[in-house]
Amino acid sequence: MELISALLVQMMQMLLVLAAAPLLTGFVRKVKARLLRRRGPPIIQPYRDILRLLKKEVVVADNASWIFRVAPYVIFATTWVAAALVPTFATGLLFSWSADLIAIIALLASARFFLALAGMDVGTAFGGIGSSREVMIASLAEPAMLLIVFTMALVARSTQLSVVADLFSTFGVGLRVSLGMALLGLIIVAIAENGRIPVDNPATHLELTMVHEAMVLEYSGRHLAMIELAAAVKLLLYVSLIGCIFLPWTLAGPDSPTAAHLAGFILYLGKLAALGFMLAVFETAIAKMRVFRLPDFVGGALMLGLLGTLLLFVSRSL
Amino acid sequence: MTSVAFLMLCAAALLGAAALAIACARTHAATSMVYGTTLAITVTAALVSIAVLVGLAAPAGLVLPIGLPWTGAHFRIDALSAFFLAVINVGGAAASLYALGYGEHEDEPHRVLPFFPAFLAGMNLVVLANDAFSYLLSWEFMSLASWALVIAHHHDPENRRAGFVYLIMAGIGTLALLLGFGLLAGADGNYTFEAIRAGTRTPLTAAIVLVLVLIGAGSKAGLVPLHAWLPLAHPAAPSHVSALMSGVMTKVAVYGFVRIVFDLAGPLPWWSGALVLAVGGLSAVLGVLQALMQDDTKRLLAYSTIENIGIVFIGLGLALAFRTNAMEAAAALAMTAALLHVLNHSLFKSLLFFGAGAVLVATGERNMDRLGGLIHRMPVTSFLFLVGCTAISALPPLNGFVSEWLTFQAILLSPDLSQWALKIMVPAIGGLLALAAALAGATFVKMFGIAFLGRPRSNEAATAGEVDRFSLAAMVLLALLCLITGIVPGFFIDAVAPITRQFTGGALPLQASLPWLTIMPAATSESSYNGLLVFLFIAISAMLAVWAIHRFASHAIRRGPAWDCGFPDPSPLTQYSGSSFAQPIRRVFLARTSATHEEVAMPPPGDTRPARFSLAVSDPVWTWLYLPFAGAIEFASLQLNHLQFLTIRRYLSLVFFSLVSLLLVLAIWS
Amino acid sequence: MIISASTGVIAILVIPVVAAAILAALPGYRISARLNVLASGLTFLASLSLFFGDQPVRGPYLFVDDLNIAFIVLNTFVGFTTSVFSASYIGHELDSGRLTPVYLRFYHAMYQVMIGGMNLALTANNIGLMWVGIELATLTTVLMVGIYRTHEALEAAWKYFILGSVGIGLALFGTILVYMAALPVVGEGIGGMVWTVLVSRAAQFDPALINVAFIFLLLGYGTKVGLAPLHAWLPDAHAEGPTPISAVLSGLLLNVALYAVLRFKILLAANPGAIAPGPLMVTLGLVSLLFAAFMLYRRRDIKRLFAYSSIEHMGIITFAFGMGGPVANFAGLLHMAMHSLTKSGIFFAVGHIAQIKGTQKIADIRGLTQTHPWLGWSLVIGVVAIAGLPPFGVFMSEFLVVSSTFARQPVLAILLVFGILLALGALFQHLGGLAFGEPTGSIKPSDASYVPMVVHFGLVLIAGIYLPATLVAWFRNVAEILG
Amino acid sequence: MAYGLSFDVAHLLAGSLVLVSFLMITQHRLYSLLNAFALQAVLLSASVAWQAYVQHAPHLYVTAFIALVFKAIIVPVGLHRIIQRLGIHREIETVIGSGITMLVGMGLVALSMTVMLKVTPEADPLAREDLAFALSVVLLGLLMMVSRRNAVSQVVGFMSLENGLVLAAAGARGMPLVVEISVAFSVLIAFFVIGVFLFRIRERFDTVDVQALDRFRGERR
């Protein structure tokens, strides 16, 4: 019985992220449009896109290999699993201990690995551009992310997200400079990883500036749907990651009543909305960067992560 | 018969195989015969050593009346040597299996066959040796055999140069170790390890020994800045030997480091750990950066070896730091991470070198920019190579991730260290490690993407064919091992527990007892990772997605020309090349260093010549360390050389002056 | 034992003399070459009889103790193998017309005289006699170095002769000084020159006098050892003479001269008031090692190359004996034996190579392992062995020298290691071209016998892995004698 | 003083040998050099003969005789011949100025004195003085060899070096093998002279070109 309910919660979680992801994307788009005084597409537009794509047949380049066709599913699966391991509305999920924060980062890294490979598979110039830029950004974003993880893990003495969230939800941690830096860094990383402005513009196909779009240029039909969905899930993942680490108080504990779960669920949606709104505002307020200015931007996250880790010792010794 | 005696027999048998190879190197059946023999021997040796490791066979010692007189040759097998013997012999077995096919393509087999078994024997003996003399003898014998293999293709002057540099560095290493042992053994020459262990020495002495060993073992393992020979020598050898050198011989060096520093040297000052950490971190990042810049497949792999050795030494440095602070559990964790990475790297690096060798056989090319599209021509090799790339890029659920995860977990225990320098340093090293991991990912995206994906850039690549069964079998074996180590790491962690118990006083909690084969670094920490579940999750959800889509949505497929924003260019040269792929990272990380030199020859307007872009990537260590030194020696020899061309009268005056000066000394002294 | 030690001593002195006389008279090189081999072989057997000989010989002129047995056995053995090599070598020289039968007759006679001279120097209990023996050997080698009568050969011989005779003079003066020092203690007459007597009474000698004496002896005999800066004759003498003589020079004469130095070192060590001989020898040794190591890089003549490597190794050996102590002395002896075997073996190979290629220029010899696997790989093995890499004997001795020194004198050990490393680099730099790469020059197969070469390298290999216990015990006695 | 006279005479002779060595160093012309050397040989034989008389060692007379005949007569005459053959009789061939040579010579003598006089006086004084002189003669001979370019004068230098040796040997009372040694050295010197004959084309050591050899070996760079 216990196991069943736990399993149920886990399943709900997985389906939830899957369901909520396009919604978040749509929501952000909508808000951006509004801020630009456009009406913009309806919030559920992403669902429509994905469904339409699923219905279409796929056109695969002549010399595309099996990598090209397998990659979308791998990307989707890894991203999904990663997202499923981030506590959204409840901690201590059934399988949460099977992978910690480092593993989640690594899962996203493998998604990126295959995406980059897929970009190079057809052997077009644009695929190469996209992949090489993607790995460049990643080579800065990943270490930054790990250093941020250190900052939090050194406080929580664990890299297990549920544990971190539980600890942070009790005010025992208190306010720390380094955690602030971690938050800032995490936001930057999230922007970079999800290819949002100023790092990349998901809404453009202007060849020389695009990164993510350049890699998926050859994709169509259900493959493209998978990738779009994965992208949406990834955005959701980061948002809920920020949510569960820095606004953990609404999370339901492992053995809390169903009501708590329900409350957590509602509040979770609230969190998504708030953070999505902030993201939209940020994106409209800022301009796209040149590719080779990016290192300064993402490198900033790296610095913040390192600084946060080091300041941790200072603040501890106080 | 004791385990050690049996393993000595295996080594002797390998030497016998070498003699056999000399005898019949030029006959037709030689190749299959020799490699078959080595395969059989290494497999048995691997089984025995694994048996010792898991405790089925007892550790034992053996003294032979050879070697250094009045000391004799001591050999011993304990958990540590058993572990490394397993690594060596598994790698050796894989290499032999691979060479059963690969070796057939050898032009001058008589330059490879005799030395291959000798090389294996040398590595086995190093790990078995239990006194300084036998250790150094086997060590240098190993270097010598591998040197002969490096210059097996001696017609290429590059290979001869590589062999020369390699031998010099090997000599430096051996002599550094020799000095270290001299310090350990003391004036009255107690060269047996037991005697050295029994001897007492100050932490400073031990630290000097550590530095000497860092030079000695580090030069063999390829630690920065002693790595310069490695990217020259490893690719020069035949591929199965490259795999052994990169995957296994560097591990023998690691063994030497662990044996001397953790076992023999005695108590060390706390900063020794910091030293090792610094060297390790440096090697990890510089190694992978250089790797990313390479366009030669095998050289890229060699540089990535430097990176992985750096990771191993980060683990060892952590273990040292924790041990000097009497944190047994943490030290055990760090050491476990290092040892596990030793195993993993030996697996996937061999796999990758085999792949590179297969490509070499199929296309005769080592330069990526003349490859491409091989995934169509050699599907199996490409798949296995992809497995290797995923593993070495530390991506779950494969094995590379496990050891790096453990290393990170060890780093997270650093706040309990008592020295501030270490407290501050270790997370920074962690950052370097993360950077190295990310760059490794980039490196192998580049390697696989350029060499195997895309469109063929040369005729050879376009007409390549799949390689023989033996090569594939060897690669399949290693790929499977990579997967197994990745999804059930618990067993391997438990296997190395006796080693950590012996050298750090602690050990990880018994992993096999944890539910669902999870691994947990320390009883206290609540972090955990479960490779099996992650693997299953990914598999299931991918299946689910595929099933759902093919069930409910369309599964129609149409082949068409590449879209490429509407401007597809037929020429495969418009694809990204290796150097262009690396260009963004080059600009980010190396733009201000002297390591890279780009130049663009842009023709004037109206000129129809194409613009030419040329790029030179140099290893800074060469320009800043090696060349000046060589120059100094050159200069000195040039100056002294004038003494060869004096007249007899001048020589007489030399005699005269030495006589007078000696008499003067006498007049002044006594 | 059939023949006792004393008869053995007589034998190793008489056989060469008789053989020399016969060979001088004998026409036809085939027979004389065989006889040469035979005589050397007999001498070797006789020296073995010394090894097994029961009662030690202690005459006023001749005597035998463990120290010189070590040298005698080694010398006569290398002399024997070299004679075998030279038998297969000179035939070719005769065919190529570089030597005429007359000169060959002279050559063989001189060869025996030289062996006899060395044996005399080694068995002499009388320092005057020792001097005579060494000078005899030197002069004969001078003649043999000049035997080709080419411009260069004569130049080399002349150089060797001048420097050699100055060395002779200095050594003699030292000998006289020793006698003078002994005079007040031992009294007039022969007693003042008998080494055993001297060493027993050395404590009462006048320190100042034997100090001066040792300096003269060190320089005088050091010239023959080829220690820098007294080495000048050595490279040319090796390069210009017939290769068997190069082998003999490196393998034997240097050892004999070193033996003389050691004898007097013991004498000096026996006197408390005298200066310590160690530092002098260590300094000379290190200077020679480093100097030779640097010189190796710019050599373009293969025989000169290995001549300089002989200087280097003599430096190491002198260094080891200078350090003293049981381990270092043991290492020194071992190193000396290994160097003699290896270096003469290398010269055997080089001789055949030079004959096949018709040149001694390193630049003109390429890719030997491909055209002449036996010669090429033997050369590789020889260089590997001489560079001090395992599993060959030189490695063991260098292991002992370095490790024992580092515990006592770290700085010296580091200098030593540096020198060894330099030499290794230089040797392999040249080897890379010699043995590998695209072959150049004549590729005609060589009909020479590789037996001596193989035997030498085989022995060195065995010694590197396993030293018989008796040999070890015996070497340790000698190390004790050397103090 | 039991042997006061003998001591003084020996002393005188030995000292004059040193003086003649100085004389030789400063000679510029070969002929005068040869004459000086002949004088030294005569003095040597005299002192050896005196030692023979003092030590009652008849065999030393042989040495003295050899010195007289061989060194004082045969060799100088032979060298005269060579010089005439080569037509180098009026060449000045010192490497360094005679003044400096003198100074160096002084220094050498001083050195040998200081080294030898450390010997405890208990030792036989005659031997001590003799050795001091012999050592200085040896060193001066060596100095001559290194300070002259001409083969002939180098031979002469070597011979005066060897004179010093014989002086020392004769001074050592009851030393065996003295005669043999002097004979052996005479043979050496004969070699020398013959060598100079052989090399008459390149009569100078400085131009006795070892460079030729190096050029031949291609090691000249």
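Student: What should I know before we start?

Tutor: Residues are numbered from 1 along each chain as its sequence is written, and chains are lettered from A in the order in which they are written. This is a predicted model, where local features need pLDDT of at least 70, side-chain atom pairs count only at pLDDT 80 or more, and totals for chains, interfaces and linings use all residues.

Student: How do you know what confidence chain B has?

Tutor: Look at pLDDT, the predictor's confidence in each residue, from 0 to 100. Chain B averages 90, and 99% of its residues score at least 70. Within chain B, confidence is lowest in strand β4 (residues 596-601), at a mean of 80, and highest in helix α4 (residues 115-128), at 96. Helices (H or I, at least four residues) and strands (E, at least two) are DSSP runs, numbered from the N terminus.

Student: What makes A:R37 exposed or buried?

Tutor: You count C-beta atoms, placed from the backbone: a residue is buried if 20 or more others lie within 10 Å of its own, exposed if 12 or fewer, and partly exposed in between. A:R37 has 7 C-beta neighbours inside 10 Å, so it counts as exposed. A:R37 sits in the loop between α1 (2-35) and α2 of chain A.

Student: And why is B:W70 called partly exposed?

Tutor: B:W70 has 13 other C-beta atoms within 10 Å, so it lands in the in-between class. Its place is the loop between β1 (60-64) and β2 (73-77) of chain B.

Student: What is phi like in A:R37 and B:W70?

Tutor: Phi is near 65° in A:R37, a positive value in a residue other than glycine. For B:W70, also not a glycine, phi is positive too, near 55°. Most residues other than glycine have a negative phi, and most peptide bonds are trans.

Student: Which peptide bond ending at A:P198 is cis?

Tutor: The one from A:I197 to A:P198, with omega near 5°.

Student: How do you know that β1(A) and β3(B) pair?

Tutor: Two strands pair if DSSP finds at least two bridges between them. Four bridges join β1(A) to strand β3 (residues 557-560) of chain B, so they pair, and they run parallel. A:V60 stands opposite B:R559 there.

Student: What makes two residues count as in contact, and how many do chains B and C each give?

Tutor: Their C-beta atoms, placed from the backbone, must lie within 7 Å. By that rule, 51 residues of chain B are in contact with 51 residues of chain C. The largest share of chain B's side, 15 residues, comes from α6(B).
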